[in-house]
Amino acid sequence: MTSTPSTVGDVMTHAVVAVGRDADFREVAETLQRWQVSAIPVLTGDDRELAERVRFELVATLGPAAAVDTGVASENGRITLSGDLPDAVSAPVLERLVRSVPGVVGVELRLTAPV
């Protein structure tokens, strides 16, 4: 007997995929098939605006040094962070922080940390 899911987290898709509003129908159909999903969010926001919101959250949470040391790029809701970290422990914290910003659908870390 299988148990009934009790939270959304029990049934949600963890890897979010999205398309931009300029995607054509073929791209949407291919993305749905590739990811084996039946629906996909369409992002209508500006990538520059999303990157700025992420930068704001980084500075508000980590202080002004985060703005200098961390590069933020956005493409179709996917954020890429680049730069140097003070320690390896910071990477998961940064990833969780960035994922909490509305509009972010994915995070890629291209960060270096001391060994």
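Okay, first the ground rules. What we have here is a predicted model, so local features need a pLDDT of at least 70 and side-chain atom pairs count only at pLDDT 80 or more, while totals for chains, interfaces and linings use all residues. Residues are numbered from 1 along each chain as its sequence is written, and side-chain values use heavy atoms, with hydrogens and water left out.

How confident is the predictor? The pLDDT, its confidence in each residue from 0 to 100, averages 82 over the protein, and 89% of the residues score at least 70. Confidence is lowest in helix H3, residues 65-69, with a mean of 67, and highest in E4, at 90. Those labels are DSSP runs numbered from the N terminus: helices are H or I with at least four residues, strands are E with at least two.

Now look at helix H4, residues 90-99. Which of its residues are buried? Ser90, Ala91, Leu94, Leu97 and Val98 are. They cover an arc of only 130° around the axis, so they sit on the same side of H4; that arc is taken from the directions from the helix axis to the C-beta atoms. Buried, by the way, means under 20% relative accessible area, exposed is over 50%, and partly exposed is in between, using a 1.4 Å probe and protein chains only. And what covers that side? Helix H2 (47-62), strand E4 (78-84) and strand E5 (106-112) are among the elements covering H4's buried residues, with contact meaning heavy atoms within 4.5 Å.

That takes us to the core. A nonpolar core is a set of buried Ala, Val, Leu, Ile, Met, Phe, Trp, Tyr and Cys residues joined through side-chain atoms within 4.5 Å. The largest one here has 16 residues, and those with the most contacts inside it include Val54, Leu58, Ile79 and Val98. H2, E4, H4 and E5 each supply at least two of its residues.

Last stop, charges. Count a salt bridge when a side-chain nitrogen of Lys or Arg is within 4 Å of a carboxyl oxygen of Asp or Glu, and you get 5. Glu95 is partly exposed at 26%, and so is Arg99 at 40%. Then there's Glu108 with Arg110, at 2.8 Å; Arg110 is exposed, at 52%.

Key. pLDDT = per-residue confidence, 0-100.
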